[in-house]
Amino acid sequence: MNGTAGPDEVTDATFDEEVLGADRPVLVEFTSDHCPPCKQMVPVLDAVAAETDGRMRVVQLDVGANPGTTRAYQVMGTPTMLVFRDGVRVKSMVGARSRRRLLQELEDVL
């Protein structure tokens with residue numbers, strides 16, 4: 001998140017390599033600087049990244065700066081979280097969540 005705490009950022013240019021080409025599931029949060037629920041998700045995503053370390057990667061993609069990927073996956077609102085495994089989207093979630101709820105929703109992809 002632009003040098004602040006939070007998950008790594010991916011971009012239109014790095015999405016294919018870092019997300020679709022990853023050797024483990026990747027949770028991508030489509031986010032925006034103008035989205036209060038997105039800011040609330042930063043500590044949740046940090047905690048989920050720590051708890052799933054080695055099993056899942058957690059990254060963010062800024063929708064304003066990366067319109068290509070945002071359009072390609074038809075992301076209409078933020079925060080939207082998509083999980084990719086082996087280059088395929090396997091889960092979609094829209095809206096802020098607690099750490100516990102997010103971890104429960106991710107159980108089937110870990």
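A disulfide here is a pair of cysteine sulfur atoms within 2.5 Å, and you'll meet one in the first close-up of this predicted model.

**View 1. Cys 35 and Cys 38 make a disulfide.** Their sulfur atoms sit 2.3 Å apart, and the count for the model comes to 1 disulfide. In general, such a link is a covalent bond between the sulfur atoms of two cysteines. The link between Cys 35 and Cys 38 is right-handed, with 80 degrees about the S-S bond. Are these cysteines buried or exposed? Buried means under 20% relative accessible area, so Cys 35 counts as buried at 5%, and Cys 38 counts as buried at 1%.

**View 2. Five strands line up in an open sheet.** Read across it and you get the order β1-β3-β2-β4-β5, with mixed pairing. The edge strands are β1 (8-9) and β5, each pairing on one side only. Helix α4 (residues 99-106) packs on this sheet, touching β2 (26-31), β4 and β5. The direction of α4 makes about 150 degrees with that of β5.

View 3. Look for Glu 9, which stands opposite Gln 60 in β3.

**View 4. Strands β4 and β5 form a hairpin.** These two run antiparallel: 6 bridges join β4 (residues 80-85) to β5 (residues 88-94). Which residue of β5 is the bridge partner of Thr 80? That's Val 94. The hairpin has 2 residues between its strands, and Asp 86 takes a positive phi near 55 degrees.

Methods: Residues numbered from 1 in each chain as written. Predicted model: local features only at pLDDT ≥ 70, side-chain atom pairs only at ≥ 80, totals over all residues. Heavy atoms only, no water. Buried < 20%, exposed > 50% of the residue type's maximum accessible area, 1.4 Å probe, protein only. Pairing = 2+ DSSP bridges. Helix = DSSP H or I, 4+ residues; strand = E, 2+ residues; numbered from the N terminus. Contact = heavy atoms within 4.5 Å. Axes fitted to C-alpha atoms, helices over the stretch in contact; angles between N-to-C directions.
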